[in-house]
Amino acid sequence: QVQLVESGGGLVQAGGSLRLSCGASGSSFSINAMGWYRQAPGNQRELVSSITSGGSTKYADSVKGRFTISRDNAKNTVYLQLNSLKPEDTAVYYCYALISSSRVLRNYWGQGTQVTVSS
C-alpha cells in the first residue's frame with residue numbers, strides 16, 4: 001500500500017513564504033506525475049501545479065511566478081515552494097501522485113495541509 005504524507009503548511013503573513021513537502025512510501029511502486037491541488041472553503045479543488053517524472057512542470061495562472069514545484073525522484077518526494085503569498089492563497093493543499101503499483105495505475109492523495117495567509 002502506498003501512502004503520501006505532507007508537511008510544511010502553516011500561518012504566514014502576506015508576502016511571506018512556505019515550503020510544502022510530500023513524500024510517498026510503500027513497496028513496489030513507481031511514480032509518474034506528482035503535483036498539488038488546493039481547496040479553499042466554498043470552492044472546488046483546483047490544480048495548483050504538476051510535475052512529470054521527467055521534470056516538466058505546469059502551473060495555474062494564479063500562481064505562476066510565485067510558486068515553484070520540484071521533485072526528488074530518489075526520495076519519492078515532491079515540493080512546492082510558495083513565495084509572495086497572498087490571502088487568496090489560503091486553502092488546504094493536497095499533494096497527489098500518479099502511481100503504478102501491482103500493475104494498477106491510479107492517483108494517490110496526501111492528507112492535506114492547511115496554508116493560511118493573513119493580510
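The backbone oxygen of Lys75 lies 2.9 Å from a polar atom in the side chain of Thr77. A polar contact is a pair of N or O atoms within 3.5 Å; within protein, one must be able to donate a hydrogen and the other to accept it, and residues adjacent in sequence count only if both atoms are side-chain atoms. The structure is a predicted model, in which local features need pLDDT of at least 70 and side-chain atom pairs count only at pLDDT 80 or more, while totals for chains, interfaces and linings use all residues. Residues are numbered from 1 along each chain as its sequence is written, and side-chain values use heavy atoms, with hydrogens and water left out.

**Thr77 and strand E8**

- Thr77 has its place in strand E8; strands (E, at least two residues) and helices (H or I, at least four) are DSSP runs, numbered from the N terminus.
- Thr77 is buried, because its relative accessible area is 11%; buried means under 20% relative accessible area, exposed over 50%, and partly exposed in between, with a 1.4 Å probe and protein chains only.
- Leaving aside residues up to four places away in sequence, Thr77 touches Cys22, Gly23, Met34, Ser70, Arg71 and Asp72, where contact means heavy atoms within 4.5 Å.
- Strand E8 covers residues 77-82 and is mostly covered, with five of its six residues buried.

**Strands paired with E8**

- Strand E3 (residues 18-25) runs antiparallel to E8 and is joined to it by six bridges; two strands pair if DSSP finds at least two bridges between them.
- Within the pairing of E3 and E8, Ser21 has Tyr79 as its bridge partner in E8.
- Strand E7 (residues 67-72) is also antiparallel to E8, and six bridges join the two.
- The bridge partner of Phe67 in E8 is Leu82.
- E7 and E8 form a hairpin with four residues between them, and Asn76 in the turn has a positive phi of about 55°.
- In a regular strand, the side chains alternate between the two faces of the sheet.

**The disulfide**

- A disulfide is a covalent bond between the sulfur atoms of two cysteines.
- The count comes to one disulfide, under the rule that a disulfide is a pair of cysteine sulfur atoms within 2.5 Å.
- Cys22 and Cys95 form this disulfide, with their sulfur atoms 1.9 Å apart.
- Cys22 belongs to strand E3 and Cys95 to strand E9, so the pair ties together parts that are 73 residues apart in sequence.
- The torsion about the S-S bond of Cys22 and Cys95 is about 45°, and the disulfide is therefore right-handed.
- Cys22 and Cys95 are both buried.

**Aromatic rings**

- A pair of aromatic rings is described by the distance of the centres and the angle of the planes.
- Three aromatic pairs are counted; rings of Phe, Tyr and Trp (its six-membered ring) pair if their centres lie within 6.5 Å, and planes under 30 degrees apart count as stacked, over 60 as edge-to-face and the rest as tilted.
- The pair of Tyr37 and Tyr96 is edge-to-face, because the ring centres are 5.5 Å apart and the planes stand at 65°.
- This pair links distant parts of the chain, with Tyr37 in strand E4 (residues 29-39) and Tyr96 in strand E9, 59 residues apart.
- Tyr37 counts as partly exposed at 23% relative accessibility, whereas Tyr96 is buried, with a relative accessible area of 10%.
- Tyr96 also forms a tilted aromatic pair with Trp109, at 5.7 Å centre to centre and 45° between the planes.
- Tyr96 lies in strand E9 and Trp109 in strand E10, so their pair ties together parts that are 13 residues apart in sequence.
- Trp109 is partly exposed, with a relative accessible area of 36%.
- Ring pairs link Tyr37, Tyr96 and Trp109 into a cluster.

**Charges over rings**

- The charged end of Arg45 sits over the ring of Tyr94, 3.8 Å from its centre; a charge sits over a ring if NZ of Lys or CZ of Arg is within 6 Å of the ring centre and within 35 degrees of the ring normal.
- Arg106 lies over the face of Tyr108, at 3.9 Å from the ring centre.

**The loop between E9 and E10**

- Ser102 is found in the loop between strand E9 (91-101) and strand E10 (104-109).
- Ser102 is a residue other than glycine with a positive phi, near 55°, and at 66% relative accessibility it counts as exposed.
- Arg103 is found in the loop between E9 and E10, and it has a positive phi of about 65° although it is not a glycine.
- Arg103 counts as exposed, at 85% relative accessibility.
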